[in-house]
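Work through the exercises below with the sequence and the model in view. Try each task before reading its solution.

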Amino acid sequence: MRQLHKALRENHHLRHGGRMQYGLFLKGIGLTLEQALQFWKQEFIKGKMDPDKFDKGYSYNIRHSFGKEGKRTDYTPFSCMKIILTNPPSQGDYHGCPFRHSDPELLKQKLQSYKISPGGINQILELVKGSHYQVACQKYFEMTHNVDDCGFSLSHPNQFFIESQRILNGGKDIKKESILPETPQLKSSVQKTKGASSALASQNSSLEMDIEGLENYFSE
């Protein structure tokens, strides 16, 4: 998800596989349909996409992933096994599992940029070599959160995020509605207002603060 977030911020675009994987992850940590439409539109417009083109070409797929179009299937975020075993990324894609789909040398460089120790990188690469991708990710979790044993079996990116937030938040559980702790929430910040314009301004501000929190999280 960190890789997808970085690619989206740099390129202001993700191909379908990336939009599905990252979009459902964001949905799983509390992004509402309205926030999702706003978030993706704002980012794609930064890439010089015409707003009308986004509305016509991309809004449907976002609404579809929330169960508001087509067969009304309410899609859930992808598990580790689904990401590892299906729809491998091709050139120009950023989705997938970095432990399963990255070239070992590129993975090593990425881990170095994330300040993982040389010994830690070797442990992770050995696990990857043995096709123990989820265990490698769990080892990465322990190293980046400075814990000897995380105490759970990692099987889902959203689980990674929730457990990460629990540690960073001093061991307290976080609500699903919260994208990040200590960031204003759309539901609480957008109350009944005197006019639609002020409500929209509050919504924009709340989303920006939520996403800024996510930006900080992925930058650490």
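**Exercise 1.** Which residue with a positive phi follows H3?

Solution. Lys48 follows H3, and its phi is near 70°. The model is predicted, so local features need pLDDT of at least 70, side-chain atom pairs count only at 80 or more, and totals for chains, interfaces and linings use all residues. Residues are numbered from 1 along each chain, and side-chain values use heavy atoms, without hydrogens or water.

**Exercise 2.** Find the span of H3 and its buried residues.

Solution. Helices are DSSP runs of H or I, at least four residues, numbered from the N terminus. H3 covers residues 33–46, 14 residues in total. From first C-alpha to last, H3 reaches 20 Å, close to the 20 Å expected at 1.5 Å a residue (1.5 Å times one less than the number of residues). Buried here means under 20% relative accessible area with a 1.4 Å probe, protein chains only. The buried residues of H3 are Leu33, Gln35, Ala36, Gln38, Phe39, Trp40, Glu43 and Phe44.

**Exercise 3.** Describe how H1 and H2 meet.

Solution. Start with the residues: Leu4, His5 and Leu8 in H1 meet Gly18, Gln21 and Tyr22 in H2 (heavy atoms within 4.5 Å).

**Exercise 4.** State the makeup of the whole chain.

Solution. Count the elements: the chain has 13 helices and 0 strands. Then take burial: 42% of the 220 residues are buried. Last, take contacts between residues at least 6 apart in sequence: 56% of them join residues at least 24 apart.

Definitions and conventions
Helices (H or I, at least four residues) and strands (E, at least two) are DSSP runs, numbered from the N terminus. Buried means under 20% relative accessible area, exposed over 50%, partly exposed in between (1.4 Å probe, protein chains only).
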